[in-house]
Amino acid sequence: LRWKLRLLALLLHQLTSGHATAMTVWGFNVDLRGEIARRFRSKPATACIVTEAEPPFAICAVNSAWTHLCGYDACEVLGKSPKILQGQKTNYDKAAEFTRSLSTQLAEGPSSSATVVLVNYTKSGAPFAHRLRTEAVTDKLSGKKYFITESEEELNLAIRDAVMSDVDQNENLWESTLLFFFCALLLLTTFYVFSDDASTVDDMDRRSWHEQLRTHASLLLPRARLA
């Protein structure tokens with residue numbers, strides 16, 4: 001109840017000072033809330049989001065630039081994970097690596113930061129190259145840590161195309177891997193059926209059988225990669 005009253009007081013202050021859409025907060029102490037508000041107002045055109053520093057990194061504050069970039073209203077995301085922006089073409093390995101770097105950032109101190117460009121999605125489902133820069137802050141009253149992330153759509157065509165093509169290459173690699181295993185299985189089945197030397201695997205020299213399988217697989221692998 002206390003933090004709800006504080007939130008109501010802050011919103012009333014924003015309404016009377018002309019900053020009603022500047023920021024929306026969730027669950028902050030007064031000290032950090034003022035710091036975040038000042039930072040948001042100093043960069044009104046920069047999309048900013050504040051999350052807790054522990055999984056699932058619940059969203060605590062967003063500014064109007066972020067809601068405009070991502071298409072969500074603040075009430076739709078407060079308390080939720082930033083993963084709501086991820087989708088089919090998001091590079092989850094890169095996202096996980098970025099998350100791990102945030103843990104390192106906490107250990108190194110407030111002066112460190114982490115940067116990444118990911119394919120994220122707006123509320124309408126449109127993919128875009130999302131440049132993120134995150135730094136850690138600490139609430140002086142509670143000692144609790146948070147992440148402040150400034151973000152923007154990547155407008156550099158070379159970087160944007162590289163991010164999008166990186167996703168396509170990963171998809172092609174997965175398809176090529178499946179093709180390789182399918183060809184290997186087909187080869188194995190054919191080898192069983194048409195072997196002149198033995199009717200079953202138990203009748204064969206296993207070492208010779210494995211050598212032949214590796215030979216055929218090595219011929220199929222380059223073709224699978226080009227698929």
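Mentor: About 520 Å³ of space lies in the largest pocket. A pocket is an open set of points on a 1 Å grid over the protein atoms alone, where a 1.4 Å probe fits, with protein on both sides within 12 Å along at least five of seven lines. Its volume is the space filled by probe spheres set on the points, which are joined across faces, edges and corners. The model is predicted: local features need pLDDT of at least 70 and side-chain atom pairs pLDDT 80 or more, while totals for chains, interfaces and linings use all residues. Residues are numbered from 1 along each chain as its sequence is written, and side-chain values use heavy atoms, without hydrogens and water.

The lining holds 24 residues, each with an atom within 4 Å of a point. Pro82, Lys83, Gln86, Phe98 and Thr99 lie nearest the centre of the pocket. Two or more lining residues come from each of β2, α5 (92-108), β4 (113-121), β5 (127-138) and β6 (145-153). These elements are DSSP runs numbered from the N terminus, with helices (H or I) of at least four residues and strands (E) of at least two. α5 gives the largest share, six residues.

By type, the lining has 14 nonpolar residues, nine polar and one charged. Here Ala, Val, Leu, Ile, Met, Phe, Trp, Tyr, Cys and Pro count as nonpolar, Asp, Glu, Lys and Arg as charged, and the others, Gly among them, as polar.
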